[in-house]
Structures are given as structure tokens and as C-alpha cells.
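I opened this structure to note down what I could look up in it, entry by entry. My notes follow below.

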Amino acid sequence: MSDDTATIETDPSAGEIQQMDRVVIRFAGDSGDGMQLAGNRFTDASAAFGNDLATLPNFPAEIRAPQGTLPGVSSFQVQIADWDILTPGDQPDVLVVMNPAALKSNLADLRPGGMLIVNHEAFDERNLAKAGYDKNPLEDASLSDWEVYEVPMETLTKEAVKDSGVTGRAVLRSKNFTALGLVLWLFGRTTGVTESWVSEKFGTRHPEVATANINALKAGYNFGITTEAFQRTFEVKPATLKPGTYTNVNGNVALAWGLIAASQLAQLPLFYGTYPITPASDLLHELSRHKNFGVKTFQAEDEIAAVGATLGAAFAGHLSATGTSGPGVALKSETISLGIVAELPMIIVDVQRAGPSTGMPTKPEQSDLMMAMYGRHGESPMPVVAASSAADAFDTAIEAARLALKYMTPVLLLSDGYIATGSEPWRLPDVEDLPNISVPFASGPNVGGRFMPYLRDAQTMARDWAIPGTPGLEHRLGGIEKQEVSGNVSYDPDNHQLMTDTRAWKIANIANDIPHLQVDDPDGADLLVLGWGSTYGALRAAVGNSRRRGVKVAYAHLRHLNPFPNNLSTVLSSYDKVLIPELNSGHLARLLRAEFLVPVVSYNKVEGAVFQVAEIENEIAELIQS
Amino acid sequence: MTSYTRADFQTDQEVRWCPGCGDYTILASVQTFMSEMGVRKENIVFVSGIGCAARFPYYMNTYGMHSIHGRAPAIATGVAVANPELSVWVVGGDGDMLSIGGNHLIHALRRNVNIKILLFNNQIYGLTKGQYSPTSEVGKLTKSSPMGSLDHPFNPMSLALGAEASFVARTLDMDRNHTIDILRKAHDHQGSALIEIYQNCNVFNDKAFIQLTGKQERLDNRIDLVHGEPVMFGVDNEWAVVMDGASAKIVATASVDPSAIVIHDETSADPSQAFALSRLAHGPDGPTPLGIFRRAERPAYDSAVSQQLAQAREARGPGDLATLLRSQGTWTVD
């Protein structure tokens, strides 16, 4: 079996169909060229065809960076396969570039001997200068390491669109469909899925745009058929996935659906208070489309108001969530601490991005783990859970809600920019099988005819949730330390110690209510790779590749970061070496060293980019040898 | 409907404001009003921020939350949106509402969330022991401004009107009947209400409102705004307010044609005249308007949120999770 980093077996016979078990394709162009759309459409066509896949969108934070420049380049990478792949791939096998800037910023990633499809008509003096080329790379030997195809995409597009009703500058907007059509042909796909999508998207309101795009799509496709220039085309057969119904989903959508599912499972309306921030805003966009589920979305004036309203809605009895990225969590931290003292259930979603400060808003990173654990004033422990993939964000959201409601606590849910925007096929769960997470409200007095807001359940140590509107349970919450049981203001030193210990114990005790960490170790390895969050796919693939080369390596992935699973200490002490790869400076590694006094090995990368499978494989190999 | 007395709204908590604080009077007025408001106490929620005034919820036998400095309007917004049936009240001081929480205040007002905001304005920071506040007068000598404060103060009425508030009023701690009358009208109003209550801090800023509370001074300086009535004041209404271009100004009643005197219209859709009246005094140092500046109808935000949900359900039916998960297209593997 090939793997995520294998090279293409080049088929020497020109014009032949090359069988591939997996291919990585990257569309790159100016941020106004519609590369995200082309990539997403190719992804959907491949999903419908039955391939397994994983995607990696990569775009600038600027909505429209200066046209034709290097900062303005936007790309979309997708790996398609006939087997269960886990990542969008390390290196493209096929690179489509729409202008010189896209060539310059993506060429180094293209696999040697890989296929380069170039919109050569964009390689004029002006665009070459903007990209920093002294001379046209298409006209010298600088591309001789690759299989280059020059395609007149602009001419093809203009010709295809001329009778559509679209005129002027808008004509060339369809050139992403020309490129897409050619790539569909290259992989033996039909244009039907894409045509249906275009008709649905533009057909009613802008029929001329639908016509233009479909004509451009067909022009690109037909160019492939008629030109006979291509030495090879590819065939990637459908993957043999586990039987079931699949959809292609990105992490923000899956997480939003997870919150909706949690609200249904808890039989509570969902309140989502938020302030727009990259890369979390799509959570708001998605949730605001589903008001018929009883979802109340609130776009607040700032991050603080967003979490404040979320806390208020929790007090009033809603399943409450707020979503943001790192800078927003910083602003929300004071209110999260109030939630911890008030012991109200709410979910804080942190879609992490490269920081500090504004950092690189569209790039992924895992550098908020320490903030999630400790980034609050006072002694303020709270559960932390992390999604490991786009599809896993759905389950993680339900788990966060379960913990929040059962233990009456804020819960921090970590996602990141890669999970948020990357997509993968998701085998849909049977709704009937999802857990019931409903928790009853307090309905009457709990001590001698009176209501004591801080009386606790003996097992969970959660206090009762008594919501406004319930007669006889009027009570006051607040940020001043609470007397145990009564909830009255208390400055008593012994009580403060007791309440601090109780809040800590309540969260630590959750370890008894979460699954043990499962270790995948078929060979009795000495080395354990332990991950958390979005690195799942790359780590899993690297471990798989290493095993195929005969390396014994075990693998485990944490969803619960606070508290840790009960067996984690035992797992860690069962291996001679533990490798912790993270997209930060070693947060989990530090937590494990501090908690368990174990000499784990960190492997860190803070480039605003995901791990390449090969990087992890090399690290595993080095550790095994050392 | 159960009939309540003031005692029904008192808690077993000892009230811990300084002896002589204006907050005691306001608490009594609010408890008295609540006993007559016609809302069951389990349906009442008080949310406060931080400061002396923000202790208020502990003394109200309703649902309540003593929250974070400045954030009460945001938290109360969540409560009101989650359950529009509740009667939601916010209490905070001038530092809480106008300084650290200024942003939340103006946005709650523009949205017209159905929350009633009681702004206890004593023009000083009390809980932190006497620094100047965003309503302190320029030149104020305090611990943090030994050479006099350089900060130009807010005019809370002008600020609220500028923030699109639909209900804007000012009252005085000492005038309980006036306070209760405004509380009632705020309760009857759909949407947000900002009620500025001049509140004496007898420890750090005593007699700041003496021009409006002193026996003789108040006769000379209280401009009582009455809907539909000409704006006049003084022992014998010897002073009147007229418009001079876009500005309101005070003139001797005898010096103008009676038809030139401003007729107060709290319900006007255009807040310009209310704004002009708010500019008659930038602090309680002389003739100062009291009463309702504005009481205009506008849809309440929390009700509108619920309406959108109802519309969505009507148009698309109640949500079905299995359908949602399949809404982006699916394929089946056998």
C-alpha cells in the first residue's frame, strides 16, 4: 500500500490512464480568482464519485490583497484516494496556477516530476513584475523538473462565455470553472455534479452567470479531450469505506451541527452569543441559518458582551455557547471565571489561529492550550476538550455540552483553523444513537422548604440549576465568594478554601466519567506518539507509514485535556519514549511533565501550517534510532 | 395574582451601604414599586455589575446576579433574549455603566432590549474610595486628581439619546414618588429604558445634588418635564424653556410669547427636542431637567428574536436533526 508521502509511479506511455491510489491536487491563484470555489467543487465531485478525501484551504487574511501579488495568493489543496487517507497530503502531484504569483509561491511544494497546469495568458510583463520575476519562467529552463502544460484559460473562457449574457470584466470571473473543467477531465470525472451545483447556486437569480460558468466548465473539459497535449490522465477509484451514508463536511459546520444536536439531546434551546472573528465566524453563519431549531444567535458588540450574554442565557436556562479565536478568549476570560464561580453551564469554543495578538488569523496553530488550561484569574479550573478532525468536531461539541450540563460548569472546546476550514467525508451517525444529555432544572425547595443554590449533588458535586420563572427558587448568584450550600456572600477563610477545593474536585472528578485513553499498539512498541487536536490525521498517517516500514510505534490521541483520562499516567509509564508533536512550543508536553513527572519528547512547529506526514515520520525514525 | 408588600422583596441579607447613602432610599423605592408592579417575583431578574450600587441584587428577593464590572447590560441581554417573559432590571453606578461598561450600555440601548437600566449616578467612584468618575465635573479634586480632574464629563441623558435609546429619564434618590412613577412607566415601556438616578454619596461626594434637593434650591432649579405641558420652572413658573435654533434655552417666562414655550413631547419619534432639553444642564449645578426625556415606541429586540424563530419554524417546520446532517448532499457506501 502506498501512503501519504509516496511518489507517483510515472507511467511512461503517453496519453495513457495512470492508475493512482491517491493524488494531491492544488488549485492556486489570486484571491479574486475563485480558487476556493474550484477546489470545493472538485472536492464535491470526488466525494460524489466515492473517493476518500481531505482538504486544506489556504487563503490570505486580506479580503482582496493587491491583485497579482504574492500576498494575494489563495490556494486549495485536496487529496483524493481509493483508501482511507487522513490528511490533505504533504506535496501536490498536480498544481494548477492561474498567475505568476501563484506559481512563485506554490512551485516549491510541487512534487518533482509533478504536473503543472499553467494559465500562461496571465504571464504578462505586469503580472510577472508583481510576482517578482525578472523574466518569464515559462520561457526558460527553470520549470524543467516538472511536467508543464500551458493552457490558454483566458481565451477559452472568453470564447465559452461570449453568448451567456455576461460581459466586460465579469467574463474572466468564470476562468476558475475552465480550470476546474480541465481537472475534472484529467481525473475522469464528469461535469454533472458541478453543473447541478451551479444551476442551484446561480440559476434562479443570475441565470446568465450560471450559463457562463457551465459553458466555461465544459470548455475546460473539452479542451482536455481535444487538445491531445496531455501525456497522461489519472484514475483514482472509489474508496472502500465503511458502509453508511456519508457527507462532506468542514469542522465549523460540523461543530455548529454538534451544538444543534446537543440542544436537541438536552431538550434545551440553544443560545449562541459571539462576535465575528476569523476563523470562527462560520460557526455564527451556520447557526444563524437554523433558527427553526430554536437556535438564538446573538452578534454582540464585542467579545465580552458575547460571553456575557451567553452567561445570561445560561442563567435563564438555555444551552449556551460562545465561539471565538484566541484573542477573543483572552477578552472573555473574566466572564468565564464568573461562570466558574456561578457554576453555570456554557461552552466556549476557541477556533485557534496563529498568534500572539492578531498573528496570522487564517493559519492554524495549537498555541492556546495553556490559555485554555490556565488563562484565567484566581483558581478557576474548567474542563477542556479538543476536536481531532472536522467530523470529530460534531461529537466533541456534544461531549462539551454533556459535561457543561451535568457538572454545571463552563467548558472550553478547542478547535483550530485547519479543522474549521478543512473538510473530510463523514459517516453520518444514526440520530437515534446519540446520547441523551438532558439534565432537569430544579423545581422546588431542596433543604427544609428553602432553596439552597449551592447544595450539591453527592456524586457530581454539581449544584442545582434553578432558572428564573420558577416560583420559590429565587436566588442570587454572583462573583463574590459563595458560602457553601446557601450561596450567600462569604469572606470566611475556611469557606474560601472549601469552595476552591470543591470547584477543583468537581472538575477533577470528571475523569471518572470519560473514556480511558485508547492506545493503538499492535506490535508492543517502545515508542508512543501522543497527540491532541487537529494533528490527528498527520500523526495517524505517519504512524501507519512507519509501521509499514517495520517500525514499532504506538499511537494515542487525547480528546479530554482537562481532566486527563484516568489511565493516562499508566499509559505514559508503559513506554520508554513518548513523542508529543504539537503545533505550539510544547504545551501538552509541559502539562504532562508537570502532572506526571515523565520525560516526554516534544516535537514542535509554529509556522502557521499543519504538520507534514513526512516530518512526523522522520521524527519517529530519529527517536527510534536514538 | 398574589398581592405583595415591600417586605416580600426584602432578603435576609444585611444591607451594607454606608449609613446615609442614597442607595437605601432607591432600594426602598424599588421594593415598594415591585410590590405594586403586577409581576410575580419569580419572573423578576436583577443583574448588576460592580460598585456600591451593584450590591443591589443581594437585597432583592428575586432572581439576581451580581456580575462583572461593566458587563451587566450584556448579561441581562442574554437573560432577556433567552426568556422575553421575564422582567429584567440592571443596576449600576456611573463608573460601571458609563466607564468600563459604556460600550454595553449604548448597544443595549440601540438594540432596544427589554431591560430596565437603573444608573445610580453619584458622580464619584465609591467602592474604590473616591476617584473621579466619568460624570464628575471638570476640576474635581479627588485622590486621583489632586490638581483637579481634566476629564470632560458625560451627560448621561445626551449619551442615551444619542445611542438611540427609546426610553430616557432622570430622577432623584430623595424623591421617592417621582422615582416610582418613572419606574412604572419604564416597566410599561416595550424595550430598553435608561433611568438616571441622582444618588448622593455622603462619604465621597456629599451634597453633589444639593441644587435639586435643597429646600430652597430645588424650587429654583428643578425643571420637571411633563408630557404635553409647557416646560416652565421656578416658584411661580417664572422661568420657561424656548427653542433658539436647534438649542433650548432658559428665559424669563414674562419675556416671551407663551406660544414660544417648548411643549414637552416624550413620545416624539425625533429625539432632537429631547436632546436639546438634555443640554440645558451638563451637571446638577443649576436648573436641571428631571423626568422622562423620551418614551418612543420601537420593537423590543428580545421579542423580535423570538418572532424570527417563530417565522423560521412556520416557514420550514421544526428542525429535524437527521435532515440537517444530510443537507449538504450525501452518498452511500454499501
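**Notebook: helix, interface, core, sheet**

I began just after helix α4 of chain B, where B:N112 takes a positive phi of about 65°; helices (H or I, at least four residues) and strands (E, at least two) are DSSP runs, numbered from the N terminus. I reminded myself that this is a predicted model, in which local features need pLDDT of at least 70 and side-chain atom pairs count only at pLDDT 80 or more, while totals for chains, interfaces and linings use all residues. Residues are numbered from 1 along each chain as its sequence is written, and chains are lettered from A and ligands numbered from 1 in the order in which they are written.

I then looked at α4(B) itself, residues 102–111: seven of its ten residues are buried, so the helix is largely enclosed by the rest of the structure. For this, a residue is buried if 20 or more other C-beta atoms lie within 10 Å of its own, exposed if 12 or fewer, and partly exposed in between, with C-beta atoms placed from the backbone. Among the buried ones I noted B:H104, B:L105 and B:R111.

Next I asked how many residues of chain A are in contact with chain B. I found 58 residues of chain A in contact with 51 residues of chain B, where contact means that the C-beta atoms, placed from the backbone, lie within 7 Å. On the side of chain A that touches chain B, α10(A) gives the most, with nine residues.

Strands also link the two chains, for three bridges join β9(A) to β12(B), residues 331–333, and these run antiparallel. I noted that A:Y246 has B:W331 as its bridge partner in β12(B).

Of its 271 residues, A:A401 and B:V79 touch the most other members. Not counting residues up to four places away in sequence, B:V79 touches residues of both chains, including A:G312, A:F315, B:V45 and B:L86.

My last entry concerns an open sheet of three strands in chain B, in the order β8-β9-β10 with antiparallel pairing; two strands pair if DSSP finds at least two bridges between them. β8(B) and β10(B) stand at the edges, each with a single partner strand, so one side of each is left without a neighbour in the sheet. Between β9(B) and β10(B) I noted six bridges, and B:D244 stands opposite B:S247 in β10(B).

Key:
Two residues are in contact if their C-beta atoms, placed from the backbone, lie within 7 Å. A nonpolar core is a set of buried Ala, Val, Leu, Ile, Met, Phe, Trp, Tyr and Cys residues joined through C-beta atoms within 7 Å.
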